[in-house]
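Please look through the two chains shown here and follow the explanation alongside the model.

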Amino acid sequence: MKKIFILFTLFFSLITLAEDQVTVFVSLSPAGSFTAVSKKVKGNLKRIGDNFTSDKISVTVESFKTGIDLRDEHFWKHLQSSKASSSSKITLTDLKAAVGKGMGILEVNGVKKPVTIAYTTKGNEVLVKFNVKASEFKLSKAEYLGVGVEDLVKVEATFGFKSN
Amino acid sequence: MKFLTFFILLTITTTASAYVNFIGHGYTSCLNCHYNPAGGGPLNDYGRVVGATAISSGALYPKDWNEEKVAYTSGFLFRKPKQNWLRTQINYRGFQLVQSPGSEANQTERWINMQLDGRVILKFGENDKFVSVLNYGYAPLPPGPKIQGVKNQTEWRSREHYLGYRFTPKFGVYAGLMDKVFGLRTIEHIAYSRSIPQMAQNDQVHGLKGHYLGEKWEMFGQYFVGNLAQDENLRMKGATGMIERTIFDIHRIGTSLTRSENTFLTLMSYSAHAKFNLKEGSALLGEIGQTSKDSKNGNTEEVSRWGLLQTYLRPVRGLYVLTNIEYKKDDVNMEDYTVRWGPGIQYFPIQRFEFRFDIYNERNFSPDSSTKDRWSYLLQTHIWL
């Protein structure tokens, strides 16, 4: 019985363990969608009182998986298509947030833009949501054999945080 | 037994096959991969690449092939077409049908060449806004002597031929011989949801179809005058419509309504369906519907109901594990009903090849008794070039 209890506790702990993750929701044209998911997020999110801050959160472009290998390759190439892009990372810097809203600087394809985020917390996890337009990051309209990608992209990120 | 073979032969084939379960790959609409926005028939270039790089297993490709190379070889004759206006395809399906397996007295088995099609597609304009599709091929006639008084009983015929024009990416019109739009176009035309409302593989009609594809909504309306290759008194004339809505970004729900009639019969069907994306290529499909069949000669009306639930689970690329549960009640005023269920495996070892194994168990239930189980299995081969 003791072993079963330990196993159950271990299993429950594993499935409820916070895992940092970034999910990009991409709509296709004429129809459909896909998600690109990366679980290789680096950086720290700190909570001080009711405020959240982070100097830098980053994820490598090549860590995103879309469910189709060919689409992965196209996704990675597209996110680094500008000559201005010297890094294969997507970064969110100078993040400051409180009362469910915040701002940070998002860098994609070598282009930095301020983004407004919304967030909710659950335990030691925070779920961040924001929308971006690909064209604002000098990403040209993506299309492959007649199937294109909509300009507006939704991003959701789950981070564990440390309280100070 | 002959009738049962004939029935399965009629219903199992997938002349204009569609894979509704590919909503599990994020494709809510058929238009991404097919020239026909309602699905079925020839794949477009994108559909062929998806077939090669997402649907088919990558295990058998040479190790030095990357996914771009795999995509490149998805075209006809294993290469990328050199022009944009002409596409050709060849499609074959055949299967081994085994009924009452294991029964010394009743087991029967036979190989059936179900379909051999040649397809020619002409397409012009931005995003193929004008398409012309001709799909001509072989389909076996039912066993036994030809039916007296019915013309054009030939094994070679046009499966579909139509012209399509998309005025905008959201709206297109199609005219010619096409499948009727109704409910889930499941790959199994043996499904009660296809056979009872007469939406199976040989029920194409000449007509005009409008298609709207919005951000959340997709709608079809189709007016038809029957299959002009049939005798006039047999042609089912009428209209059909289907509306689907995307919910929670990745799932779809929809409803369909159709009415048609000829000299002998009036059919009216309606259904509701749902397609759920379970991610990573897996999907859950469901449909319920009702058909009323009004016989003009006998002045009788029969109302039938059906239900369909299918799961497609994709443990690895190229492999789909199926579960199929179906229900039908031929006459809602009677208490008899039939349940058919069974597992299946669908495997795409490499692009251009699909192998499928299905087991079917069917039983009729009534308040007083139930028939013995009827078992059968199918080994299906599908090759497209």
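Where pLDDT is low, the predicted coordinates should not be read in detail. For chain A the mean pLDDT is 86, with 86% of its residues reaching 70 or more.

This is a predicted model, in which local features need pLDDT of at least 70 and side-chain atom pairs count only at pLDDT 80 or more, while totals for chains, interfaces and linings use all residues. Residues are numbered from 1 along each chain as its sequence is written, and chains are lettered from A and ligands numbered from 1 in the order in which they are written.

The secondary structure of chain A comprises two helices and 13 strands. Of the 164 residues in chain A, 27% are buried, a residue being buried if 20 or more other C-beta atoms lie within 10 Å of its own, exposed if 12 or fewer, and partly exposed in between, with C-beta atoms placed from the backbone.

Where the chains meet, 23 residues of chain B are in contact with 17 residues of chain A. On the chain B side, helix H2 (45–55) and helix H3 (67–72) each supply at least two residues, and the largest share, five residues, comes from H2(B).

Why is H2(B) largely enclosed by the rest of the structure? The reason is that 11 of its 11 residues are buried, among them Asp45(B), Arg48(B) and Ile55(B). The cover over the buried residues of H2(B) draws on both chains, including helix H2 (69–79), strand S10 (143–144) and strand S11 (147–149) of chain A, together with H3 and strand S14 (337–350) of chain B.

Elsewhere in chain B, strand S1 (residues 86–99) runs antiparallel to strand S2 (residues 108–124), the two being joined by 14 bridges; strands pair if DSSP finds at least two bridges between them. Asn91(B) stands opposite Asp117(B) in S2(B). S1(B) also pairs in the antiparallel sense with strand S16 (residues 374–384) of chain B, over nine bridges, and here Phe95(B) stands opposite Gln380(B) in S16(B).

Notes
Two residues are in contact if their C-beta atoms, placed from the backbone, lie within 7 Å. Helices (H or I, at least four residues) and strands (E, at least two) are DSSP runs, numbered from the N terminus. pLDDT is the predictor's confidence in each residue, from 0 to 100.
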